Amino acid sequence: MLNYLIYLLTFVIGSIAGLVYSYKLHGEPFVADSSLNILYCIISVVGWVLAFNSSNMLLGGIGFLLAGFVMGGRPGYGRKETAIGIVIAIIVYLVLHFMVSV
Amino acid sequence: MADILINVIIAFLAGSLLLGLHRKIMARVQKRPGPPIIQHLLHSLKFFFKETAFPKTASMPFYIGIVFILAVVWVVGVIVGPVTKGSLLILFGVYAVYKIVEHNSGSSSGSPYGKASCVRAVLSAATELPLFAAVVLVYLKTGSMNIGNIISYQASNGPLAFSIPLAAIMFFLLLLAKSPYSPFAITKDKTLVSGFETEHFGFLRGFIMFSESISWYVMLWVFLTIFFGPLGVVGYVVGMIVITFITGFINAVTPLLNPNHSVMSQITLGAACFVGTVIMILI
């Protein structure tokens, strides 16, 4: 169970860091920039792929930290990036498992 | 001991995130951006560092003690559920004590809002009837109250949700009643400010939020375990998120029921599901 606790803790720490950083970037009282942030997108993809596909506790923890960083951003930011990250991570998971079973 | 501690922290973190997700879903249904998912967790932690005030009308030491009883009750829920996979009867007892705590928390503060909520807590004990009926039906079907045995039964006979679906619906009613902003949440009606929690500030409120997060996790865990068979971690995560989504949608589009309607709806639905399940078992 310790690994799941570490995943949860890293996700929460990443979310808090993401929220603080997001408020520093965007201080406006409304969502001013709804375009796709490429850097966030890369962080999200790396994070979710590691979180979903890594059996190593350290890599999984880093994955959840990165995933939480993007997902935990200020409301209105990081949504598309998170969705892309999760979809790609699921595809990678299915491909890896399909390859193993074949 | 370490296992208990790890499970309690997991229950707190996972429950907080799920309740945060619940708020987010309700907000999105109502076309609001909503708070970040970790907001519920941040609120819980924030209250531990806030100044704590004690009302002059509070009935000490009960006013403080009841909050710790609430926390202990749900920690016992974690021990009996995810840690030891013990008896369903103890979990039923945990829920019964929780209702008593809700009742006494309101009355001990001396606030009129708390007292009104305390009276409603007695009425809302109606949620225990569907829970009790669901537990009885699970026993009739599996021949055991032990969660470990129920998991084994489902491993060989398939999930109970398919063989006694109406009992699962009854248990789901309990989850719905327990979820925030539920149509059955008569003890936390906004006309009563925060109901039985109104006069609990600072770290006392922090403990209440800590307990509520754990309770949401435990209730979801019990529901998934006794109705959806042996599940892996992914199954539990997906199941908990799906149930949180469903309750969030229902609560976002359903107004709070009048106390009498709330009680009668739950009893009527519970009775219909109980009779239906007994007929299904006999046939």
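**View 1. Tyr181(B), at 48% relative accessibility, counts as partly exposed.** Partly exposed here lies between buried, under 20% relative accessible area, and exposed, over 50%, with a 1.4 Å probe and protein chains only. Tyr181(B) is found in the loop between α9 (165-178) and α10 of chain B, and it has a positive phi of about 60° although it is not a glycine. The model shown is predicted, so that local features need pLDDT of at least 70 and side-chain atom pairs count only at pLDDT 80 or more, while totals for chains, interfaces and linings use all residues. Residues are numbered from 1 along each chain as its sequence is written, chains are lettered from A and ligands numbered from 1 in the order in which they are written, and side-chain values use heavy atoms, with hydrogens and water left out.

**View 2. Lys85(B) has a positive phi of about 50° although it is not a glycine.** Lys85(B) lies in the loop between α3 and α4 (88-109) of chain B, and its relative accessibility of 32% makes it partly exposed. Helices are DSSP runs of H or I with at least four residues, strands are runs of E with at least two, and both are numbered from the N terminus.

**View 3. Helix α3 (residues 62-83) of chain B packs with helix α10 (residues 202-227) of chain B.** The angle is about 25° and the axes are 9 Å apart, the axes being lines fitted to C-alpha atoms over the stretch in contact, with angles that run from 0 to 180 degrees between N-to-C directions. α3(B) and α10(B) are therefore roughly parallel to each other, a term for angles under 35 degrees. The crossing of these two helices, α3(B) and α10(B), is left-handed, meaning that the near helix is turned anticlockwise from the far one by less than a right angle.

**View 4. A nonpolar patch on the surface includes Met1(A), Tyr4(A) and Val233(B).** The patch has about 900 Å² of accessible area together, from the Shrake-Rupley method with a 1.4 Å probe, where for residues only the protein chains shown count as cover. Patch residues have over 30% relative accessible area and no salt bridge, and nonpolar side chains (Val, Leu, Ile, Met, Phe, Trp, Tyr) are joined within 5 Å; a salt bridge is a side-chain nitrogen of Lys or Arg within 4 Å of a carboxyl oxygen of Asp or Glu. Helix α11 (residues 233-253) of chain B gives the most to the patch, with 9 residues. Tyr4(A), in helix α1 (residues 2-25) of chain A, is partly exposed at 31%.

Conventions:
Patches are made of residues with over 30% relative accessible area and no salt bridge: like charges are joined within 9 Å, nonpolar side chains (Val, Leu, Ile, Met, Phe, Trp, Tyr) within 5 Å. Angles under 35 degrees count as roughly parallel, over 145 as roughly antiparallel, 65 to 115 as roughly perpendicular and the rest as oblique.
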